[in-house]
Every structure is written in structure tokens, then in C-alpha cells.
Amino acid sequence: MAADSLRSSKLRSFLTLLGIILATTTLIAVMSVIHGMDVYIANSVSNMGADGFRIVRIAFLGNFDPKKYLELQKKNPQLSPAEFEFLKSNATLLREFGMGASRSVGVSLGTQTLTSVSLTGGTPNWAVLANTEIANGRYFTDIENNHNSTVAVLGADVKNSLFGDADALGKTFKIEGRPFTVVGVAVPKGSVFGQSQDGFVDIPAQTYFQIYGSRQGIGYAAKAIDQTRLEEAKDEIRTLIRARRHLRPNQDDTFSVISSDSLVGAWDRLTGAIAATAVAVVSVFMVVGGVVIMNIMLAAVSERTHEIGIRKSVGARRQDILNQFLVESSMLSGIGGLFGVTLAWIVALLVRTLTPVPMEIPISAVVIGLTLSMVVGLFFGIYPAQRASKLDPIEALRVEQ
């Protein structure tokens, strides 16, 4: 009966649903973006792994504060190779510990030149620490690092741009005019927010320091001996650095230790604020949609007063009339929720296909969207339903159809 009533006035029902459709679409779309970004951050951006962490000179995991940044620039000394050797010799809870420094350079092969290539000088275990897999060849060795060898590992984009489909192993190219020999090509890593992660060249750390110096830009990367010992490993490194820098207990760290969980935690705080704003917007849409449903249901009660009188005269109880109108308002808003889910799915598909934004619809978003839309319809349909159920059958029958 409720479905027949809605089908009899399709245009009015659709216009009534617009508020609910927009609210459900907005809710699911926002939750999909947040969920997709959460998965993306956890799997791609935070590539240190569950047992990895990094030590850097300065890190901001919340809002960037220019004044605080300038203060840290003055207070925090640069990380150094000597400090790295001290930590490597004294740390006991690390499975891997490496050092790296990077800058943007130009690389060339004949007349072919690439600009803004990320050059990293790292220790021989940097591939493990940076999750770099080798597709062809190998990574450079300790011997090559200790002898300042001019060897390099290419990211997939650099290899394809310089050598195309040809085999790059053993070939020579130039980094800012200096010849280097290719010993390995990395497996493609993909892109982050539309920015390729494969436009890089890795060379031995000592070779990098010989060319560019070791006074700035250095960072350390580490992996704990076990995921359960991660916090202990971080505390050990923090204690060792503080001891080497002679920091008193009441002094702040003059360095930053970051890990996957800290990056994901910072991201969660950001997305939490976005989600709160989205909920406020969706609430407005839902209230507007609910008010429209109440208005339409009141109009339906007025139009069907004679019908209600007939039903009551042949034995319908108040509860029967109440249920009829509640089911109708809930069905109306539920259909709006389904339209909203469908529209959100189309939006997610288009965004994921046409943009670098990762969008993934969680089942919880669909359930919440549909449930909320039906609850709104039920809540705002109570008053019209009660009004219909309280009509006097004699007075209702007197109303002209």
C-alpha cells in the first residue's frame, strides 16, 4: 500500500527525496574519501612498515607552525655520519639501520635530459629500509659504498625515460655531468596523489657525500628487531642521541623520531576534523530532508482523510493507520537513501578513475547512510502518522474526496 501510494505521485516523491539523496551521497562520499585515504596512507605513503621508523632533524605531524620551524632550525643540529656510526655501534634493538640524504638533480644520457630527479645517497641496506625492490640487476654493495664507486640504481620512470625498452644494466649515464654506471633497476612503486614515486636514482652514501658533502640533509632509517619491540627500539635510539648530545632531562629533543603509527595518527586527527565538519553539513541536509518529508506526509494525510475514514469504519485500528503512514515515510526516505548510495558509488567510481584521489566505499558507510535516512523518515513521519491515526472516522467520512 505504501509503495502504491508513492508510485501514484512519482514526481512529488522524487522532489521530496532530494534532501535525503544529497545528505546520503555527501555522507558516503566523504566517508569513502577518508577510508580510501586511510588505506592509502597506511599502505603507500607510510612505507616504513609496521616495525620501521625514521630519525630526522625536524618533523611536523600536525599543523605547520612557521615560527616553531624557525626555532627548530636554530636549535636542532644536523644529523651526521659520525652520529650514525655511534648509534649503529650502540643500538641493540635494531634489525636494520641505515643513513640517507637526498636532493633534486638533473640526469642525462646523450641529448636526453631529465630534471627534478630525486637523488638519494644511501647505505647499502637503503633498499630494505625504503621498500625498494629490484627488478633487474642488484643494489650497490658495502664495498662499492666504501670505495665511493660511481654506481647507481634507477627508478622505473628514470630508466624508461633514458633507456626506453633497452637493457640499462652496465650502461653509463650522467648525474649533473658526472658519469655513473647502472647496476640495478627498481620495481615500479606507483604514484602518491598523482606524483610518481619512480623518478629517483639511488647511489652509495659515501659517493654522495664526496660530491655534495655531508653537512646537511641527512636522515636515519631503522627497523626494530620485532614489531612488538618497536617502541623500545625508538626509546633506545632517542636515549642514545640525547646522551651523545648531552641533553639534560628537562630539555626537549633536538631531533624527531617518526614511525608509521605516528604518521597514520596525524592523518587520523586531520580526517577526524574533516569528518566532523562533514557530519555537520550532512545533519543540515538530513533535517531539511526530514522537514520536507513531514510536510509532504501532512499533505498526504489531508488528501486521504476520506480514505482514512473508510478504513476506520471497516475496523482499522489507530495502530493500523499509524503503521501505514510510518511505513510510507520510512520507505520514502529509504528509497532516497538507496538513490544516495547509488549516486555516491558513481561519484566514487568517477573520482577514482579520473583523479589520483583514492576513493573506496566502506560497507559501514552504506549501512550508516541507509539506516540514518530511514530513521530520519521514521522520526519526521511520526507526527503526520499520529495525526492521521487520531482522525474521527465520522468526521473523516464527511470530507469530500
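A crossing of two helices is called left-handed if the near helix is turned anticlockwise from the far one by less than a right angle, and right-handed if clockwise. Keep that in mind as we look around this predicted model, in which local features need pLDDT of at least 70, side-chain atom pairs count only at pLDDT 80 or more, and totals for chains, interfaces and linings use all residues. Residues are numbered from 1 along each chain as its sequence is written, and side-chain values use heavy atoms, with hydrogens and water left out.

**The whole chain**

The protein chain has 14 helices and 12 strands; these are DSSP runs numbered from the N terminus (helices are H or I with at least four residues, strands are E with at least two). Of its 401 residues, 43% count as buried. Here buried means under 20% relative accessible area, exposed means over 50%, and partly exposed lies in between (1.4 Å probe, protein chains only). Among contacts with a separation of 6 or more, 77% join residues 24 or more positions apart, where contact means heavy atoms within 4.5 Å.

**Two helix pairs**

Axes are lines fitted to C-alpha atoms, for helices over the stretch in contact, and angles run from 0 to 180 degrees between N-to-C directions. Angles under 35 degrees count as roughly parallel, over 145 as roughly antiparallel, 65 to 115 as roughly perpendicular and the rest as oblique.

| Helix pair | Angle | Distance between axes |
|---|---|---|
| α12 (residues 318–354) and α13 (residues 363–389) | about 150 degrees | 7 Å |
| α4 (residues 81–90) and α9 (residues 230–244) | about 130 degrees | 10 Å |

The crossing of α12 and α13 is right-handed. Their contact includes G334, G337 and L338 of α12 and G377, L378 and G381 of α13.

How are α4 and α9 oriented to each other? They are oblique, and their crossing is right-handed. On the α4 side the contact is made by A82, E83, F86, L87 and N90, and on the α9 side by E236, I237, L240, I241 and R244.

**Rings and charges**

Rings of Phe, Tyr and Trp (its six-membered ring) pair if their centres lie within 6.5 Å; planes under 30 degrees apart count as stacked, over 60 as edge-to-face and the rest as tilted. That rule gives seven aromatic pairs. In the pair Y208 and Y212, the ring centres are 5.1 Å apart and the planes stand at 45 degrees, so this pair is tilted. Y208 and Y212 sit four residues apart in helix α8 (residues 205–212), about one helical turn from each other, and both are buried. Elsewhere, F84, F97 and Y220 form one aromatic cluster.

A charge sits over a ring if NZ of Lys or CZ of Arg is within 6 Å of the ring centre and within 35 degrees of the ring normal. R178 lies over the face of Y212, 5.9 Å from the ring centre, while K189 lies over the face of F200 at 5.1 Å. Just after α8, G213 takes a positive phi of about 85 degrees.

Beyond its neighbours within four places in sequence, E144 is in contact with R138, S149, V151, V183 and P204.

V30 is in helix α2 (residues 10–45) and counts as partly exposed at 22% relative accessibility. V30 and M359 are 329 residues apart in sequence, but 9.2 Å apart in space, C-alpha to C-alpha.
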